[in-house]
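Please read it alongside the sequence and the model.

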Amino acid sequence: MTLAGALAAAEAAAPVESLDVVARMLKEHLGAVSVSFLITDFTGGSVVRLGAVGSVETDEPARRIMLRGTVYDDVIRTQRPSVAERGEGALVRIVAPVTNRGDAIGLLELFLPTAPDTEVMREIGETAHALAYIVIANRSYTDVYQWGRRTVPLSLAAEIQHRLLPASLACEAAQFAVAGALEPADHVGGDTFDYVIDRDTVQLSVTDAMGHDVEAALLATLLVGALRRARRAGGGLDDQARQADQAMREHGRQGYVTGQLLRISLIDGTTEFINAGHPWPLRMRDGQVREITPKIDMPFGFPAPHSYRVQSLDLRPGDRLVMLTDGMLERNAGSLDLSDLIVRTRDLHPREAARALIAAVVDAHHGRLQDDATVMCLDWRGVGRSQRVAATGADLTDASAASRTGRTTPGR
């Protein structure tokens, strides 16, 4: 079984069957009793078994599985496969991460009759990595993968909101790692986040539309569309802000949206920032969290005359920047010490840190948010790095050090 063969078989199959084809290939090649793919939901709090080749009793619900406290959670968090031998003559359970550039798409689970050797684990790892690309390539053709990502049925407003988010909620590059998480309120509050990587820059945005439900979702759609249009036309932050403000004033029906725009040069690390009436970001440096307090301009669409100032932001290698919406700060969430939680999650990947911050806010509200809670977490590594090892998620410097010390680095 080769990587090229797996990709070719997946492409030859119908989009909805591509994962099943690869699972059958693994089952036949490795003599597995069962092979299945589990996809993570929007919040990262559960996985859904989309299909399985063979059947093994796992003591888990047939389809949706909550992650907290499970081996699946451990594998997603650490990005290391789990191999569990269950005693003499028992099946060996292997769970491997299906991840692309830091975006934890799901898990590959196998039950083998004997413990795998190094070569078998290499093949499983390669296949799991290929499955990430197969999902990415096929999810635009079918709703099956979207169905699997829904913990509960979405309202119309939530459906609109989710379609505004980037296709991948996390991304790793040599110079940085970024991840976002959003937990909608019972009545969607219009939060969004976005990021894009160009040849020379990485750009981030976090926005919060006024109001709730479909009205807020439509305002968010208008704003995100204006920002992306200006950005894709090559506009700088000032032009993006100006066009977003103009779109809101012309079409927003007197609504407005707060937001932050961030642009970092991948050439020299210079950072530009616009704050349109939005809560200040938090920066962790050397284990200390401080609130960044740039000048605040008017929200997008605000009727009073105003302009937008492009400000510099002090960002150094090793910093973690957290951008958030007011749903992370209001009501019961105000009792949380976010700075302390950011410090306590400093060793986690931004993907897992964002999940932990959102989970803490949801728990503080006993699972019933009155406003959307959104966070983006950026780890800035610096411009001196140009490559990373795709198999580990580490840059070449870290990988080289690991080879000298025998240490391995988690993540893809």
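How many of the 10 residues of strand β6 are buried? The first point below takes this up, after a word on conventions.

This is a predicted model, in which local features need a pLDDT of at least 70 and side-chain atom pairs count only at pLDDT 80 or more, while totals for chains, interfaces and linings use all residues. Residues are numbered from 1 along each chain as its sequence is written, and side-chain values use heavy atoms, with hydrogens and water left out.

1. Strand β6. In β6 (residues 103-112), 10 of the 10 residues are buried, so the strand is largely enclosed by the rest of the structure. Buried here means under 20% relative accessible area, exposed means over 50%, and partly exposed lies in between (1.4 Å probe, protein chains only). Helices (H or I, at least four residues) and strands (E, at least two) are DSSP runs numbered from the N terminus.

2. Partners of β6. Strand β1 (residues 34-40) runs antiparallel to β6 and is joined to it by 6 bridges; two strands count as paired if DSSP finds at least two bridges between them. V35 has L110 of β6 as its bridge partner. Strand β5 (residues 92-100) is also antiparallel to β6, with 9 bridges, and T99 stands opposite A104 in β6. The hairpin of β5 and β6 has 2 residues between the strands, and R101 takes a positive phi near 50° there.

3. L262 is paired with F273 in β12. In a regular strand the side chains alternate between the two faces of the sheet.

4. Salt bridges across the chain. The count comes to 18 salt bridges, each defined as a side-chain nitrogen of Lys or Arg within 4 Å of a carboxyl oxygen of Asp or Glu. R228 and D194 form one of them, their closest N and O atoms being 2.8 Å apart. This pair links distant parts of the chain, with R228 in helix α7 and D194 in strand β9, 34 residues apart. Both R228 and D194 are buried. R285 and D314 also meet in a salt bridge (3.1 Å, N to O). Here R285 lies in strand β13 (residues 282-285) and D314 in the loop between β15 and β16 (320-324), 29 residues apart. R285 is buried because its relative accessible area is 16%, whereas D314, at 36%, is partly exposed. Salt bridges that share partners also join D73, R351, E352 and R355 into one network.

5. A salt bridge within a helix. D74 and R77 form a salt bridge (3.1 Å, N to O). Both lie in helix α3 (residues 71-78), 3 residues apart, about one turn of the helix. D74 counts as partly exposed at 37% relative accessibility, as does R77 at 35%.

6. Helix α7 and V214. V214 lies in helix α7 (residues 213-232) and counts as partly exposed, because its relative accessibility is 31%. Leaving aside neighbours within four places in sequence, V214 is in contact (heavy atoms within 4.5 Å) with L156 and A157. V214 and A158 are 56 residues apart in sequence, and their C-alpha atoms are 8.2 Å apart.

7. Helix α10 and A359. A359 lies in helix α10 (residues 350-364) and is partly exposed at 26% relative accessibility. The C-alpha atoms of A359 and G44 are separated by 9.9 Å, although the two are 315 residues apart along the chain.

8. Confidence. The protein chain averages a pLDDT of 86, and 88% of the residues score at least 70; pLDDT is the predictor's confidence in each residue, from 0 to 100. Over residues 55-62 the pLDDT stays under 50, and the model has 12 contacts beyond four places in sequence for them. Residues 392-411 also have a pLDDT below 50, with 33 contacts in the model beyond near neighbours in sequence.
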